[in-house]
Amino acid sequence: MIDRLKVKNFRGFDSFDVQLQQKNSIVGINGSGKTTLLEAIYYVCLNKSFRTQNNQDLISIGETFFDISIYSKGNEYLRIFYNNELYSKKHYYVNGLKHFWKSKPNVLKALNFSSSVLHEFTNKASVRRLFLDHILSQLSQEYGTIFSEFEKIYVSKNRLLKMIRSGSDEKQLDFYNEKFIRISEKLYNERAKFVDIINCFTYNDKFFVKYIQVSNIDKLKNELKYNKQKEIILGKCLYGPQKDDYHIYFKNKNINNIASRGESKMALLFFLFRVSEYFFENLLDTVILIDDLEAELDDKNSENVYSLINSEINSQIFITSLKQNDRYSNICNILLN
Ligand SMILES: Nc1ncnc2c1ncn2[C@@H]1O[C@H](COP(=O)(O)OP(=O)(O)OP(=O)(O)O)[C@@H](O)[C@H]1O
Ligand SMILES: [Mg+2]
């Protein structure tokens, strides 16, 4: 569990130091820094922001560096120091020791949820895939390896198809297709396994996830064999796991098209909680970050989520809210000015 967060020159905070509990509600008016605190936790766990790709945005205006650290059992656990004036700009520490991001020990997982995640998730299959790939990569190093291998092969095959279209020899395509099939099979299996597991976790019977696997491995083999010319003409991969999708159902409504916004949000929150419980059961230390919990939810749904967080979620959780809610004894309010 993270028991303290310290930030320096991070967005609107010149210096901020706060003790944390298992369940935290960050409360404050617009612009008080609620999302910034979630972003700081996310950043130090995953080495990236959920709002920007530009580190400069994260440094308080007029400063040259930011520094984020989180503590566990009273000791510094993770720290990221970023200085845009140094040649080596970013420094990453685990338990006080400097690490390269790539070689760091397996640390804290972070699941992030906000209105923009909801919006993108319900609108784009590519975002849904990315969301799941991201979760699965955090969950299993093996999935992360398979996924990055798949991406490499996918990119090389696309390049090759474009070259063949421009007149290069077709011979290498069979070799690439074989590699593509081997790695696709692994991805299909891992994704299907994960969705089955998530559907076994119960909070609400009215919720389930469907894995929309556009091809199976036999179908894919045939598609690649009989549609080579089509792929060459278009110069890109037309078949495979990059076409997969996930549909989340709530009260038998697919949240991508039928469910209302509030219903979709409830379904995605259930999904997130199930994933976090799965992480918890597998001893993966996880934090859940939910920005603006009450947005889009009516009072009843809001209270349902609060009570779930209060009594059933095992992972450490941070929510943000415009209003203080004192009804739940396990949820500690962090008040911002
Ligand atoms: N690099 C930066 N330097 C200084 N201030 C910044 C920087 N980036 C953002 N801010 C400011 O930090 C403040 C806090 O932003 P944040 O998004 O965390 O607010 P919030 O509490 O989540 O508000 P809301 O309720 O509207 O979502 C804002 O006033 C924002 O303009
Ligand atoms: Mg905000």
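**Close-up views of a predicted model**

**View 1. Ser 276 and its surroundings.** Setting aside neighbours within four places in sequence, Ser 276 touches Leu 111, Thr 286, Ile 288, Ile 313 and Ser 315, where contact means that C-beta atoms, placed from the backbone, lie within 7 Å. This is a predicted model, in which local features need pLDDT of at least 70 and side-chain atom pairs count only at pLDDT 80 or more, while totals for chains, interfaces and linings use all residues. Residues are numbered from 1 along each chain as its sequence is written, with chains lettered from A and ligands numbered from 1 in the order in which they are written. Ser 276 belongs to helix H8 (residues 261-281); helices (H or I, at least four residues) and strands (E, at least two) are DSSP runs, numbered from the N terminus. Is Ser 276 buried or exposed? Ser 276 is buried, because 23 other C-beta atoms lie within 10 Å; the cut-offs are 20 or more for buried, 12 or fewer for exposed, and partly exposed in between, with C-beta atoms placed from the backbone. The C-alpha atoms of Ser 276 and Leu 139 are 9.8 Å apart, with 137 residues separating the two along the chain.

**View 2. The parallel sheet.** Five strands make an open sheet with parallel pairing, in the order S8-S12-S13-S3-S14; two strands pair if DSSP finds at least two bridges between them. Strand S8 (109-113) and strand S14 (332-335) are the edge strands, each pairing on one side only. On average, neighbouring strands here are turned by 20 degrees against each other, direction ignored. Strands S12 (residues 286-290) and S13 (residues 316-321) run parallel and are joined by four bridges; Ile 290 has Ile 319 in S13 as its bridge partner.

**View 3. Helices H3 and H4.** Helix H3 (residues 125-139) packs against helix H4 (residues 141-165) at about 130 degrees, with the axes 5 Å apart. Axes are lines fitted to C-alpha atoms, for helices over the stretch in contact, and angles run from 0 to 180 degrees between N-to-C directions. H3 and H4 are therefore oblique to each other: angles under 35 degrees count as roughly parallel, over 145 as roughly antiparallel, 65 to 115 as roughly perpendicular and the rest as oblique. H3 contributes Asp 133, Leu 136, Ser 137 and Leu 139 to the contact, and H4 contributes Tyr 143, Gly 144 and Phe 147.

**View 4. Strand S10 and its partners.** Strand S10 (residues 245-250) has a covered face of Tyr 246, Ile 248 and Phe 250, while Asp 245, His 247 and Tyr 249 form the uncovered one. Six bridges pair S10 with strand S9 (residues 207-212) in the antiparallel sense, and Val 209 sits opposite Ile 248. Strand S11 (residues 253-254) also pairs with S10 in the antiparallel sense, over two bridges. S10 and S11 form a hairpin with two residues between them, and Lys 251 in the turn has a positive phi of about 50 degrees.

**View 5. The antiparallel sheet.** Here the pairing is antiparallel, and six strands form an open sheet in the order S2-S1-S4-S5-S6-S7. Strand S2 (13-19) and strand S7 (97-99) each have a single partner strand, so one side of each lacks a neighbour in the sheet. From one strand to the next, the twist averages 15 degrees. Helix H1 (residues 34-46) packs on the sheet and touches strand S1 (4-10), S2, S4 and S5, its direction making about 100 degrees with that of S1.

Notes
Two residues are in contact if their C-beta atoms, placed from the backbone, lie within 7 Å.
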